[in-house]
Structure formats: structure tokens, C-alpha cells
Amino acid sequence: MALDQSFVGRTYPPTSPYEVGREKIREFAEAVGDANPVYTDPEAAKAFGHADVIAPPTFVFAITFKAAGDVVADPRLGLDYSRVVHGDQKFAYVRPVRAGDRLTVTSTIETIKSMAGNEIIDIRGEVHDESGEHVVTAWTKLVARAAEKG
């Protein structure tokens, strides 16, 4: 079933704030194998001009992908999540994510396309801190594979 094209441009309400903690940053840096001390050592981060540790660039994936989940869970869109694979991800930073940030994500459907029976949806997640400062924009591409002919 084709996705509802009228959803292009639809924006979903901001998520509840996510508080970025030092320990979450450290765990993420370890999980991705990035030993940069600005992710784990406040003094090293300060030496590079940061007030506290900062997060690796892909850290925000967890919160932006969760926010995109609000989009895919919308039953009116018509997306069969059992057929979805993650197609692509990219980020454009205004500033690094820092320990202590309280971040919200506002998701917008940018495009919906059909290709070879597959449905492709691009979701833009605008991440802001609690003061309203824009921190990063994340783009998530999801592909709903075509149903197998049987």
C-alpha cells in the first residue's frame, strides 16, 4: 500500500526533553570504539574549549531515531514497519551535544517516494536545547521494502 503523500511537510510535536548525561556519553563513546578524551574527561574537554564533555557526532541518532518512531507509528501514514530497513543517516551540527543538555526533537516528513515497489520516507529531526538553541539537524531515510509476491 502506498504511503499517504499528503504527509509530506507534516511536522510532529517536539519530544519530551532528553537529558544528556556524562555516563551516557562515555558508554556511547566506548560502544563505538572512540577513545577521544573529550568524550570522557571533563578536563580534556575544557582544554579544547568545551564547558564539559561532548558527545560523539552520532550520539544524537538514538534520540532522533526514537523521535522518528512517532512518525512511523502514525497509523494514518500507512507505513508497514515490519518491512522497514534503515536506509541512511546524516547530521548537520550547529554545535556539539554537551553533557547537561536537555534536548528535544521535532520531526518533519520531508519526502515520500516510491521506487521499484519500495516506499522511501525521509524524516528531518531538528534538535534544540531547552533554551531553544538549534543544536543539530538529523536526516533519517527509511525504506519500506515491497511486499514479496507469492
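Which helix gives the most to the lining of the largest pocket? I started there, and found α3, with five residues.

**Entry 1: ground rules**

I am working on a predicted model, where local features need pLDDT of at least 70, side-chain atom pairs count only at pLDDT 80 or more, and totals for chains, interfaces and linings use all residues. Residues are numbered from 1 along each chain as its sequence is written, and side-chain values use heavy atoms, with hydrogens and water left out.

**Entry 2: the largest pocket**

I looked up the volume of the largest pocket and noted about 270 Å³. Its lining has 14 residues, of which Y18, A62, I63, K66 and A67 are the closest to the centre. I recorded the terms: on a 1 Å grid over the protein atoms alone, a pocket is an open set of points where a 1.4 Å probe fits, with protein on both sides within 12 Å along at least five of seven lines, and lining residues have an atom within 4 Å of a point. Grid points are joined across faces, edges and corners, and the volume is the space filled by probe spheres set on the points.

At least two lining residues come from each of α1 (22–31) and α3 (61–72). Helices here are DSSP runs of H or I with at least four residues, strands are runs of E with at least two, and both are numbered from the N terminus. I sorted the lining by class and got eight nonpolar, two polar and four charged residues. Nonpolar covers Ala, Val, Leu, Ile, Met, Phe, Trp, Tyr, Cys and Pro; charged covers Asp, Glu, Lys and Arg; the others, Gly among them, are polar.

**Entry 3: salt bridges**

I noted 13 salt bridges in the structure, each a side-chain nitrogen of Lys or Arg within 4 Å of a carboxyl oxygen of Asp or Glu. One of them joins R26 and E30, at 2.5 Å from N to O. These two are four residues apart in helix α1, so about one helical turn separates them. R26 is partly exposed at 25% relative accessibility, and E30 is exposed at 53%. My cut-offs for relative accessible area are under 20% for buried, over 50% for exposed and in between for partly exposed (1.4 Å probe, protein chains only).

I then turned to R95, which is buried at 7%. Its salt bridge with D101 has the closest N and O atoms 3.0 Å apart, and D101 is also buried, at 8%. R95 forms a salt bridge with E133 too, at 3.3 Å between the closest N and O atoms. R95 sits in the loop between β2 (84–93) and β3 (102–115) and E133 in the loop between β4 (118–129) and β5 (134–144), so this pair ties together parts 38 residues apart in sequence. E133 is partly exposed at 33%. Through shared partners, salt bridges join R95, D101, D129 and E133 into one network.

**Entry 4: R83**

I placed R83 in the loop between α3 and β2 and found this residue buried, at 19% relative accessible area. The R83 side chain reaches the backbone oxygen of A146 at 2.8 Å. Neighbours within four places in sequence aside, R83 is in contact (heavy atoms within 4.5 Å) with V143, A144, R145, A146, A147 and E148.

**Entry 5: V32**

V32 lies in the loop between α1 and α2 (42–47) and is partly exposed at 46%. I checked V32 against V94: the two are 62 residues apart in sequence and 22 Å apart in space, C-alpha to C-alpha.

Note on methods:
Polar contact = N/O pair within 3.5 Å; in protein donor to acceptor, adjacent residues only side chain to side chain.
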